[in-house]
Amino acid sequence: MSLTIKKAKRINDLPPYLFAEIDRRKREALGRGVDLIDLGIGDPDIPTPATVVEKLLEGASRPVNHRYPSSSGMPEFRQAVTDWYKTRFGVSLDPGKEVCSLIGSKEGIGNMAVAFVDPGDVVLVSSPCYPVYHIGTAFNGGTNYFLPLKKENKFLPDLDAIPAEVAKRAKLLWINYPNNPTAAVADKDFYQRVVAFANKYNVIVCHDAAYTEMGYDGYRPMSFLEVDGAREVGIEFHSLSKTFNMTGWRIGMAVGNPEIVGGLAQAKSNLDSGIFQAVQEAGIEALRLGDQIVEPSRKIYQERRDILVDGLRAVGLECEKPKATFYVWVSCPKGLSSADFATKLLDEAGVVTTPGNGFGDAGEGYVRFTVCVDKERLREVAERIRRVKL
Ligand SMILES: *Cc1c(COP(=O)(O)O)cnc(C)c1O
């Protein structure tokens with residue numbers, strides 16, 4: 001006798017994994033001993049600042065931290081988030097009601113749909129985008145409506161193009177600036193239009209602000225909550241992952257409207273038991289030091305960005321120099337699809353990138369490069385691509 005094992009419909013209904021082919025070719029090349037330069041991953045290669053690591057070591061040995069934490073975060077962590085928002089953005093928050101810790105922002109983003117989406121609800125999601133927004137909808141029986149991000153609109157969604165009957169059924173609107181994967185940025189004018197749209201159609205705005213600290217040439221991306229009326233309609237997701245090179249630690253936060261943050265916290269309290277307190281103590285230290293520990297990596301990423309972009313342009317490829325994020329969104333040469341171009345780069349140059357359509361149909365025609373390798377390796381990228389016949 002053996003069990004008949006059948007996965008849930010939500011799993012079987014997952015869209016095909018578009019990176020599977022690239023992954024297979026990457027493993028094959030590694031197997032052949034090819035010296036790959038991997039610009040596919042969006043994961044900092046720079047270590048977490050040593051002072052932050054110290055705090056974890058101290059905190060790990062204190063028995064009080066060995067017990068269950070609270071799901072929505074230690075009061076001291078929520079206070080540190082509040083202080084950071086005040087210093088960085090001039091935004092005042094109530095740490096008791098308007099801040100919730102997250103086990104990485106991915107967790108909170110996924111649980112937004114648990115908290116707010118019923119079957120039949122529409123969720124407005126950009127294409128291309130960070131996939132968790134629409135997976136959350138799908139796992140909870142909602143319907144995604146995709147908003148294409150187009151170059152002619154500076155990769156901002158065109159809210160006026162959303163049919164009224166769709167907007168009326170919409171529960172959530174996901175936005176993410178500075179943006180993964182396009183590296184586009186948003187200004188106050190865009191956020192004001194988002195607030196007006198949210199009020200008109202009674203839609204909760206979810207802003208994923210994972211990259212606000214990775215701005216270059218003096219550019220400081222703003223928080224959605226800086227805009228008048230944002231707090232009445234929105235929640236903002238932030239993460240220590242990219243800001244402080246802490247992707248492995250799993251710590252982030254959601255802030256904003258108390259009812260929305262409270263709804264997410266309620267869903268979470270039924271599913272998880274929060275973040276190891278020693279990690280929260282380390283997070284407090286990171287937030288307290290803020291720019292002091294962000295600036296060194298910002299400098300490194302900016303220098304790498306310049307090397308990569310200048311190199312790609314020198315070999316005839318077309319891309320903007322990003323004002324923020326560690327991504328470069330590169331147009332495919334004429335006649336090549338995203339998959340063709342990414343495959344060619346991998347097979348003929350040993351350079352791993354991510355095909356843009358993997359982030360959504362509207363990402364077709366682009367590939368995403370990251371700058372998560374050191375500058376010597378990045379210099380080599382253009383040299384290798386120069387030898388490829390495009
Ligand atoms: C990396 C990333 C996240 C996830 O961050 P974690 O806090 O590590 O879960 C969220 N949103 C975007 C757009 C990202 O690129």
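1. Is strand S10 (residues 327–331) mostly covered or mostly exposed, and how many of its five residues are buried? In this predicted model, S10 is mostly covered, with five of its five residues buried.

2. The side chains of S10 may be taken next. Tyr327, Trp329 and Ser331 point one way from the strand, while Val328 and Val330 point the other way. Residues of both groups are buried. In a regular strand, side chains alternate between the two faces of the sheet.

3. S10 belongs to an open sheet of four strands, arranged in the order S9-S10-S13-S12 with antiparallel pairing. The edge strands are S9 and S12 (354–355), each of which pairs on one side only.

4. The partners of S10 can be described in turn. Strand S9 (residues 318–319) runs antiparallel to S10 and is joined to it by two bridges. Here Glu318 stands opposite Ser331 of S10. Strand S13 (residues 366–370) also pairs with S10 in the antiparallel sense, over five bridges. Within this pairing, Val330 has Val367 in S13 as its bridge partner.

5. A separate point concerns the surface. Ile11, Leu14 and Phe139 make a nonpolar surface patch of about 210 Å². Of these residues, Ile11 has its place in helix H1 (residues 9–12). Ile11 is classed as partly exposed because its relative accessible area is 35%, a value that lies between the limits of 20% for buried and 50% for exposed.

Note on methods
Residues numbered from 1 in each chain as written. Predicted model: local features only at pLDDT ≥ 70, side-chain atom pairs only at ≥ 80, totals over all residues. Heavy atoms only, no water. Buried < 20%, exposed > 50% of the residue type's maximum accessible area, 1.4 Å probe, protein only. Pairing = 2+ DSSP bridges. Patch = residues over 30% accessible without salt bridge, like charges linked within 9 Å, V, L, I, M, F, W, Y side chains within 5 Å. Areas by Shrake-Rupley, 256 points an atom, 1.4 Å probe, with all protein chains shown as cover. Salt bridge = Lys/Arg side-chain N within 4 Å of Asp/Glu carboxyl O.
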